Amino acid sequence: MTVRPLLLEGMTGQGSHPVTPGRPWLIGRGASADITIPDSAVSRHHAEVELTAQGLRVRDLGSANGTFINGARVGEGHLRLGDTLTIGRPAFRLVDPAPTMRPSEAEEQRGWRNAVGADSSRTQPELLQQLLRLATTLSGSFALDPLCAQIVDLAFDVVTADRVALLVARGPDAALVPVRSRSRVGADAAVRVPRAIAGRAAGERRAVLTESALGDAALHSASVEAARVRSAIAVPLLAGDDAVVGVLYADRIAQLEPFTDGDAHAMLAFAGLAAVSLAKLELLESLERRRETQRNLERFLAPEVAAAIAAAEGPLAAGGDRRVVTILFSDIRDFTPLAESLPPDEVAALLTEYFTVMADLVFAHGGTLDKFLGDGLLAVWGAPLELVDASARAVAAARAMRSAVEELNRAWTSAGKPSLGVGYGLARGDVFAGRIGSEHRLDYTVIGDVVNVASRLCKVARAGEILLTGEVRADAPGVGALEHHPDAAIRGRTGAVEVWRG
């Protein structure tokens, strides 16, 4: 039994995610998940789903906030079409991304006539049964090349042609590009489709039928003459908004009997099914590209920020703009002597565990991870997306990082490992924020004097101390009591910088 791909359609603003058969799909907040849900109620590895003949199998992975099917918490269960899946807090409905239309529905949408031409050898029920069989076959293709091959191969059975070709619309001008063809006559070389015939089908959005292309002055061309085309059909493949996504072409060059009106109607109905399958596949591939983009962005962006950018049209380009942001620097105190006292693999393991926790906290508070600097970390709030509470989030993140370091130190000390002391510096001001680098590698970063101020405050801070500028304090009135710290002199700046301890 063929298991078709399905879609987890977001019900709470979390986007939609395709699930294809063949393997389990990991759902979680972390970047390593197949389906990333940027919500604090979602665990890093929350649940696992897999398509089966019975529906979508769901297994909770010991999540903190639970997995629910139709409102009931489950450890394991099955989701069927129309059911809801709640992951912690976000909810999704299981749907068919592009359910196969019944031929009668397809005809209604396209304005096709229900009656097959009187000169057709097939009755209406026979045609409908054939189309349903073809629709089932097309629904099993999950990649473009195999799907195009199936469309061309099946078209032979629809109209008994000598040659068939599929063209798809590509580029900003929607130019028709041949992608697949097949011939029963002579060598199975690429079929040259007469542009006069294919262009008319696309331009007029209707089937073009000629009983004798050689004798039709409106359709006669050099390619028609060269191939000695006797009879031909070209039908448009139309998307839901009636946009032309391609043209399906068939001709007879050896058979004397011309195509009939019934052949044209059958070909047009089949083209509707082919268009639905191509649109479904494009949706799945588009969502997969978006997910891959989001995974790459999550190297330095919070999951919800990465999701917003991945959902936007077009990739991030080089360059950027000026923004007002809040910067956080953190740095391990006396790291060099510590590193010299331990084997390199133990230093690497220590830093990996430390930075993993710190990066998660930056993301959990909506920040952008700019970079790791040896034993230091630079994070930003307010770029690439603006935040009305950037400073409050940054201060909360710094405090959470300080508490997390204390927990790590307790665990490390109990295991006989050294503990770490970390200082924190925060500043707010104008920066240039954007993607900078070479044509081969672009990294998102921020540049400006405020970065130097945050770095300087981080160096001044003692282990466990959070120092922030007056601008950060003014932008975050609700962060609780702050203690005034002696003003600091920053190289390159006139006058001292107002400093507070958080």
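Student: Which residues do ring pairs link into a cluster?

Tutor: The structure is a predicted model. In it, ring pairs join Tyr 354, Phe 355 and Phe 372 into a cluster. A pair of aromatic rings is described by two quantities, the distance of the centres and the angle of the planes. The count of aromatic pairs here comes to two.

One of these pairs is formed by Tyr 354 and Phe 355, whose ring centres are 5.1 Å apart. Tyr 354 and Phe 355 are both buried.

Another pair brings Phe 355 together with Phe 372, with 4.4 Å between the ring centres. Because the planes of these two rings stand at 45°, this pair is tilted as well. Phe 355 belongs to helix H9, which covers residues 344–364, whereas Phe 372 belongs to strand E18, which covers residues 368–373. The contact therefore ties together parts that are 17 residues apart in sequence.

The two phenylalanines of this second pair may also be described by their accessibility. Phe 355 has a relative accessibility of 10%, and the limit for a buried residue is under 20%, so Phe 355 counts as buried. Phe 372 has a relative accessibility of 40%, which lies between 20% and 50%, so Phe 372 counts as partly exposed.

Over the ring of Trp 25 sits the charged end of Arg 23, at 4.0 Å from the ring centre. Trp 500 likewise has a charged end over its ring, that of Arg 473, and here the distance to the centre is 3.8 Å.

To return to the part in question, the picture is as follows. Tyr 354 and Phe 355 are buried, and Phe 372 is partly exposed.

Note on methods
Residues numbered from 1 in each chain as written. Predicted model: local features only at pLDDT ≥ 70, side-chain atom pairs only at ≥ 80, totals over all residues. Heavy atoms only, no water. Phe/Tyr/Trp six-rings, centres within 6.5 Å; stacked < 30°, edge-to-face > 60°. Buried < 20%, exposed > 50% of the residue type's maximum accessible area, 1.4 Å probe, protein only. Helix = DSSP H or I, 4+ residues; strand = E, 2+ residues; numbered from the N terminus. Lys NZ or Arg CZ within 6 Å of the ring centre and 35° of its normal.
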